[in-house]
Amino acid sequence: MQHLDVVVVGAGPTGLACGIELQQRGVNTLLIEKGCVVNSLYNYPTHMVFFTTPELLEIGGLPMTSLNEKPGRTEALKYYRRVAEYYRLSIHQYERVLKIEGGDNDFHVTSSRAEYHARKIVLATGYYDLPNMLDVPGEELDKVIHYYKEPHPYYNHDVIVVGAKNSAAIAALELFWTGARVTLVHRGNWISDRVKYWIKPNIENRVKNGEIKAYFNSHILEIEPTMVRLQTPEGEISIRNDFVFALTGYRPDLEFMASLGIRLEPSSQRPRTNPDTLESDRPGVFLAGVIVAGMHTNEIFIENGRFHGKKIAEAVAEALKKTAP
């Protein structure tokens, strides 16, 4: 069993920031990531452009450069790889944390590959890795996709996009432009007002012109290999279908936090944390990034979550000094 000061669960931008700050304070730290480094960003659409400028995505004091005013996904992936390499962070990729037992200064971490002893735990698991499921028959079929990457493979196919927020609107437009026959299905009565202002008129016009077929106040009843059954205001219908993009949002892994004994506020599912240290109400377990906000995932982004690392590292380093053998 490997003995560590801290195990950080998650190697997204916030997890990397925590690892850097802890390492700079001489804290023996391991990051464990169930996917690749910055796995959530990897799952973004291939040609996605951030809505923010490069300096707001920087961590560890390393400058981020971009060919344009706002960086794209590929530039971000390259930047965070460079950060991890520059600081020589200890990161185990494609390893899932299954269980955390024990207590403060004596945690036993079981992963899909090994077991570890850690004095402190930092959870930086984000929210993008857990899609909101449709919970309908047939959702397990390979044709159902929860992460839209790029439109080319779906040329000349019948596709359904479920949802009407940013990711759904962008996917529907790109698929349409690439030659897919797109149908939009949404429980609400129109395109979400939260869609970016330069995207919203475009998707609305495609729908109004009938170029993208849309069923509002509707939902999927069942997904079949070549068809999809819908419930619409006019009744139940079946339509031809090759692929379903279920772009209905994502959520933090609240169940994992609850399994650790971290209490969540009933209405917001916000975990209880010390605002000065970000230590949860389970001593020795610290929370970083978007999971601090519970279901209010629009409150914390890379731009502000990256600062959690310093706050946590200062608290952890101080606590380790007090309990040093």
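Tyr197 sits in the loop that links strand S9 (181–185) to helix H5 (200–208), with helices (H or I, at least four residues) and strands (E, at least two) taken as DSSP runs numbered from the N terminus. This is a predicted model, where local features need pLDDT of at least 70, side-chain atom pairs count only at pLDDT 80 or more, and totals for chains, interfaces and linings use all residues. Residues are numbered from 1 along each chain as its sequence is written, and side-chain values use heavy atoms, leaving out hydrogens and water.

**Surface patch**
- Tyr197 is exposed, at 65% relative accessible area (buried is under 20%, exposed over 50%, partly exposed in between, with a 1.4 Å probe and protein chains only).
- Together with Phe51 and Trp198, Tyr197 forms a nonpolar surface patch of about 410 Å² accessible area.

**Cysteines**
- Zero disulfides turn up in a search of the whole structure (a disulfide being a pair of cysteine sulfur atoms within 2.5 Å).
- Cys18 is in no disulfide, and its nearest cysteine sulfur, that of Cys36, is 18 Å away.
- Cys18 is buried, with 0% relative accessible area.
- Cys36 also counts as buried, at 13% relative accessibility.

**Helix H8**
- Helix H8 (residues 308–322) has 15 residues and should span 21 Å at 1.5 Å a residue, which agrees with the 22 Å between its end C-alpha atoms (the expected span is 1.5 Å times one less than the number of residues).
- The buried residues of H8 include His308, Ile312, Ala315, Val316 and Leu320.
- An α-helix has 3.6 residues a turn, so residues three or four places apart point the same way.

Definitions and conventions:
Patch = residues over 30% accessible without salt bridge, like charges linked within 9 Å, V, L, I, M, F, W, Y side chains within 5 Å. Areas by Shrake-Rupley, 256 points an atom, 1.4 Å probe, with all protein chains shown as cover. Salt bridge = Lys/Arg side-chain N within 4 Å of Asp/Glu carboxyl O.
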